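Student: Could you go through the aromatic contacts in this one with me, and then the backbone?
Tutor: Gladly; let us have it on screen before we start.
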Amino acid sequence: MFRGILLCMIGAWCALLSPPAPAHPTLSDCVQHDILLEAGPDYIDLTVRLTFFDRHAAVQEAFADADGDGHISRPERSAYGRDVLEQAARELALSVDGEPVELAPLHDPSITAPPPGDAPHRRFEIELVFFAPVPPAGRAEALVQLRNGLFPDFAAMTALHVAGRDGVRVRAAEVGQSMSRAAGAKEPLPLEALLIRESPEHAPLNSTKTPSQDPSEGSPP
């Protein structure tokens, strides 16, 4: 009995000395990356929606509101959007079967900021829309990879959604493929999808190049 009491005392002492387990990050600790990849025979459309919450939202509001008057004017939105596009040029990379393809902005970023005030929960959203040419078809199936390193200083929760059109199907590694990234991660893992051309001149092939997991149909959010 004495031995049991002694072991309990030692266990309690060790528990007091042990550092607390790190808490799981909450949504407000992360930037949410919602990505839609839509492919046709000639072009890929890529939409990236970034959502910042609470204190991270307030930080982005402060960056965008350059003169600090509490209102993000049209020129300030344009300047902030240019900064984000410059970052995207460095941190977003798309490839088809290992061949890099250029992402061209379709229009200026869309920025949605909360109204001025001290609301307990805030959301700051940026939407980027790009298009990229699909390389000439040499096979019926092609592996599409997207490296997303936007805002690397923030932890990220990423979801990939896919869609096809005009005789092209797209399959993601899983429906709404999700991936988390720790803050400061140097090289994010690529998001993967399989582009399948179903036009008559491209009968389905038994491709050996597949995503890292069993693919399943994806759909836009």
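Student: Okay, how many aromatic pairs does the structure hold?
Tutor: This is a predicted model, and the structure holds six aromatic pairs.
Student: Take Tyr 43 and Phe 131, what is the geometry of their rings?
Tutor: The ring centres of Tyr 43 and Phe 131 are 5.7 Å apart and the planes stand at 65 degrees, so this pair is edge-to-face, given that planes over 60 degrees apart count as such.
Student: And where do the two sit in the fold?
Tutor: Tyr 43 belongs to strand β2, which covers residues 43-53, while Phe 131 belongs to strand β7, residues 123-133, so the pair ties together parts that are 88 residues apart in sequence.
Student: Are they buried or exposed?
Tutor: Phe 52 counts as buried, at 0% relative accessibility, and Phe 154 counts as buried at 17%, because the cut-off for buried is under 20%.
Student: Which residues form the aromatic cluster?
Tutor: One aromatic cluster is formed by Phe 52, Tyr 80, Phe 124, Phe 151 and Phe 154.
Student: Where is Phe 151, then?
Tutor: Phe 151 is placed in the loop between β8 and β9, and with a relative accessible area of 9% this residue is buried.
Student: Switching to the backbone, what is phi of Phe 151?
Tutor: Phi of Phe 151 is near 50 degrees, a positive value in a residue other than glycine. Most residues other than glycine have a negative phi.
Student: And what is phi of Asp 166?
Tutor: For Asp 166, phi is near 50 degrees, again a positive value in a residue that is not glycine. Asp 166 is found in the loop between β9 and β10 (168-172).
Student: Buried or exposed, that Asp 166?
Tutor: Asp 166 counts as exposed, at 62% relative accessibility, whereas Phe 151 is buried at 9%.

Terms used: Residues are numbered from 1 along each chain as its sequence is written. This is a predicted model: local features need pLDDT of at least 70, side-chain atom pairs count only at pLDDT 80 or more; totals for chains, interfaces and linings use all residues. Side-chain values use heavy atoms; hydrogens and water are left out. Rings of Phe, Tyr and Trp (its six-membered ring) pair if their centres lie within 6.5 Å; planes under 30 degrees apart count as stacked, over 60 as edge-to-face and the rest as tilted. Helices (H or I, at least four residues) and strands (E, at least two) are DSSP runs, numbered from the N terminus. Buried means under 20% relative accessible area, exposed over 50%, partly exposed in between (1.4 Å probe, protein chains only).
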